[in-house]
Amino acid sequence: MASAEVYRLTPAQAEHAQSVLDRVESGDTVIFERGTYRTRSALLLREKSGVELRGSGRVEIVLDNLDEAVIEVRDCQNIRINGLRARHQKPNREYSCEGAVIAVRDSQQIGISRCELNGCGAAGVYASRVKDLIVFDNRIFNNTFAGVWVSDTTGHVYKNHLYDNAADFITYGNCDVVLSGNKVEKNDGNSFLRSEFFDQVVRGR
């Protein structure tokens with residue numbers, strides 16, 4: 001079994017970040033060193049397992065394309081995203097189907113922690129068909145649809161600060177998500193958008 005690799009990126013290597021994500025293997029860590037990373041397309045992890053993306057110092061990832069997520073995780077397992085700031089460069093003033101800041105699809109055991117998800121997208125965290133999503137200790141704000149938006153997802157959203165979003169938490173489909181210890185303020189919409197499965201969705205406070 002090959003030993004785990006630690007990849008270190010600097011802002012000057014932003015254009016090469018995707019090639020690093022394409023070759024990571026289980027146990028590998030990608031460290032983004034301090035600075036601003038400007039990208040033209042989403043940073044995509046696809047069909048990966050046991051990988052961590054981590055910021056070192058103040059790291060910001062900025063995407064020009066509104067139609068994509070800044071960071072996307074698809075068909076993955078056991079992924080951790082820690083200590084990153086992410087946003088779109090030029091957001092729309094109102095919701096118009098732009099990408100999320102972090103989007104997760106068809107995955108399991110995904111942890112997003114200690115990130116700053118500065119709106120400029122439909123949602124700070126969007127998850128669809130995700131099992132065991134953990135959203136912990138993040139600042140999520142300025143999103144034009146919702147701070148956290150989940151569909152057919154299970155997990156735990158806790159100890160986050162959600163503010164200045166169109167709504168703080170929205171769910172569709174069959175979800176089982178625990179909310180606890182979040183600081184929620186100044187969101188324009190209701191705390192929850194009722195769905196057919198609403199009574200099963202929220203447990204705890």
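The predicted model holds 11 salt bridges, each defined as a side-chain nitrogen of Lys or Arg within 4 Å of a carboxyl oxygen of Asp or Glu. Local features need pLDDT of at least 70 and side-chain atom pairs count only at pLDDT 80 or more, while totals for chains, interfaces and linings use all residues. Residues are numbered from 1 along each chain as its sequence is written, and side-chain values use heavy atoms, without hydrogens or water.

One of the salt bridges joins Glu 33 and Arg 8, at 2.7 Å from N to O. Glu 33 lies in strand S2 (residues 29-39) and Arg 8 in strand S1 (residues 6-9), so the pair ties together parts 25 residues apart in sequence. Strands (E, at least two residues) are DSSP runs, numbered from the N terminus. Glu 33 is partly exposed, at 21% relative accessibility. Here buried means under 20% relative accessible area, exposed over 50%, and partly exposed in between (1.4 Å probe, protein chains only).

Asp 75 and Arg 46 also form a salt bridge, at 3.9 Å from N to O. This pair links distant parts of the chain, 29 residues apart: Asp 75 sits in the loop between strand S5 (71-74) and strand S6 (77-82), Arg 46 in strand S3 (residues 43-46). Asp 75 is partly exposed at 32%. Arg 46 is partly exposed at 45%.

Glu 52 bridges to Arg 54 at 3.3 Å, N to O. Glu 52 is buried, at 9% relative accessibility, whereas Arg 54 is partly exposed at 31%. A network of salt bridges connects Glu 52, Arg 54 and Arg 80.

The largest nonpolar core has 46 residues. Such a core is a set of buried Ala, Val, Leu, Ile, Met, Phe, Trp, Tyr and Cys residues joined through side-chain atoms within 4.5 Å. Val 30, Phe 32, Leu 53, Ile 81 and Leu 84 have the most contacts inside it. A second, separate core of 11 residues includes Ala 100, Ala 146, Trp 149 and Ala 167.

Six aromatic pairs are present. Rings of Phe, Tyr and Trp (its six-membered ring) pair if their centres lie within 6.5 Å; planes under 30 degrees apart count as stacked, over 60 as edge-to-face and the rest as tilted. Phe 32 and Tyr 37 pair edge-to-face, with centres 5.3 Å apart and 80° between the planes. Both residues are buried. Phe 141 and Tyr 163 are stacked, because their centres are 5.0 Å apart and their planes at 5°. Phe 141 is in strand S11 (residues 139-141) and Tyr 163 in strand S14 (residues 161-163), so the pair ties together parts 22 residues apart in sequence. Phe 141 and Tyr 163 are buried. Tyr 126, Phe 145, Trp 149 and Tyr 172 form a cluster linked by ring pairs.

Terms used
Helix = DSSP H or I, 4+ residues; strand = E, 2+ residues; numbered from the N terminus.
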